[in-house]
Amino acid sequence: QVQLVESGGGLVQAGDSLRLSCAASGGTFSNHVMGWFRQAPGKEREFVASITWSNGHIKYVDSVKGRFTISRDNAKNTVYLQMNSLKPEDTAVYFCAASFRLDTIGGPTVGEYDYWGLGTQVTVSS
């Protein structure tokens with residue numbers, strides 16, 4: 001059973017930084033994709049970033065480019081999201097997601113990802 005556990009959320013002021021972590025267990029962690037989505041109240045779940053294990057390819061949604069950085073620790077089976085220069089519009093529940101499909105591309109479609117964490121709240125005040 002694949003399990004994803006997020007941590008690192010909190011309440012910060014605009015301009016501050018947070019680092020989210022997602023620890024994965026129970027799967028074969030090679031040639032797969034891990035990513036981050038977020039969902040604000042009343043909004044649809046939105047793709048934020050992904051990283052492909054096989055080649056290290058990274059994707060970001062345009063609104064976070066230059067501010068957020070996704071990275072991985074292979075030994076710990078953990079993916080991170082470093083969030084700098086946070087804005088109030090970044091406020092959301094952030095979800096870790098993983099795909100082990102052979103054709104996974106780390107794209108923005110929710111349906112590509114088969115495993116999800118329970119989410120961690122990020123609140124940015126102005």
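Predicted model: local features only at pLDDT ≥ 70, side-chain atom pairs only at ≥ 80, totals over all residues.
A disulfide (a pair of cysteine sulfur atoms within 2.5 Å) joins cysteine 22 to cysteine 96, with the sulfurs 2.0 Å apart. Residues are numbered from 1 along each chain as its sequence is written, and side-chain values use heavy atoms, with hydrogens and water left out.

**The disulfide**

- The pair links distant parts of the chain: cysteine 22 sits in strand S3 and cysteine 96 in strand S9, 74 residues apart.
- Strands (E, at least two residues) and helices (H or I, at least four) are DSSP runs, numbered from the N terminus.
- The torsion about the S-S bond of cysteine 22 and cysteine 96 is about -80°, so the disulfide is left-handed.
- Cysteine 22 and cysteine 96 are both buried.
- Buried means under 20% relative accessible area, exposed means over 50%, and partly exposed is in between (1.4 Å probe, protein chains only).

**The nonpolar core**

- A nonpolar core is a set of buried Ala, Val, Leu, Ile, Met, Phe, Trp, Tyr and Cys residues joined through side-chain atoms within 4.5 Å.
- The largest one has 32 residues, and Met34, Trp36, Val79, Leu81, Met83 and Tyr94 touch the most other members.
- Strands that each supply at least two residues of this core include S3 (18-25), S4 (33-39), S8 (78-83) and S9 (92-99).
- S9 gives the largest share of this core, five residues.
- In soluble globular proteins, nonpolar side chains tend to be buried together.

**Two residues and their contacts**

- Contact means heavy atoms within 4.5 Å.
- Leaving aside neighbours within four places in sequence, valine 79 is in contact with residues including Leu20, Cys22, Met34, Trp36, Ile70 and Cys96.
- Isoleucine 70 belongs to strand S7.
- Isoleucine 70 is buried, with a relative accessible area of 3%.
- Not counting residues up to four places away in sequence, isoleucine 70 touches Met34, Trp36, Ile51, Tyr60, Val79 and Leu81, among others.
- From isoleucine 70 to serine 21 is 49 residues in sequence and 9.9 Å in space, C-alpha to C-alpha.

- Most residues other than glycine have a negative phi.
- Asparagine 77 is not a glycine, yet has a positive phi of about 50°.
- Asparagine 77 lies in the loop between S7 and S8, and is partly exposed at a relative accessible area of 26%.
- Asparagine 77 and alanine 24 are 53 residues apart in sequence and 5.6 Å apart in space, C-alpha to C-alpha.
- Serine 85 also has a positive phi, near 50°.
- Serine 85 lies in the loop between S8 and S9, and is partly exposed at 42% relative accessible area.

**The largest pocket**

- On a 1 Å grid over the protein atoms alone, a pocket is an open set of points where a 1.4 Å probe fits, with protein on both sides within 12 Å along at least five of seven lines; lining residues have an atom within 4 Å of a point.
- The largest pocket holds about 210 Å³ of space, a volume filled by probe spheres set on grid points joined across faces, edges and corners.
- Its lining has 13 residues, of which Arg38, Ala40, Glu46, Glu89 and Asp90 lie nearest the centre.
- The lining of the largest pocket divides into two nonpolar, three polar and eight charged residues.
- Asp, Glu, Lys and Arg count as charged, Ala, Val, Leu, Ile, Met, Phe, Trp, Tyr, Cys and Pro as nonpolar, and the others, Gly among them, as polar.
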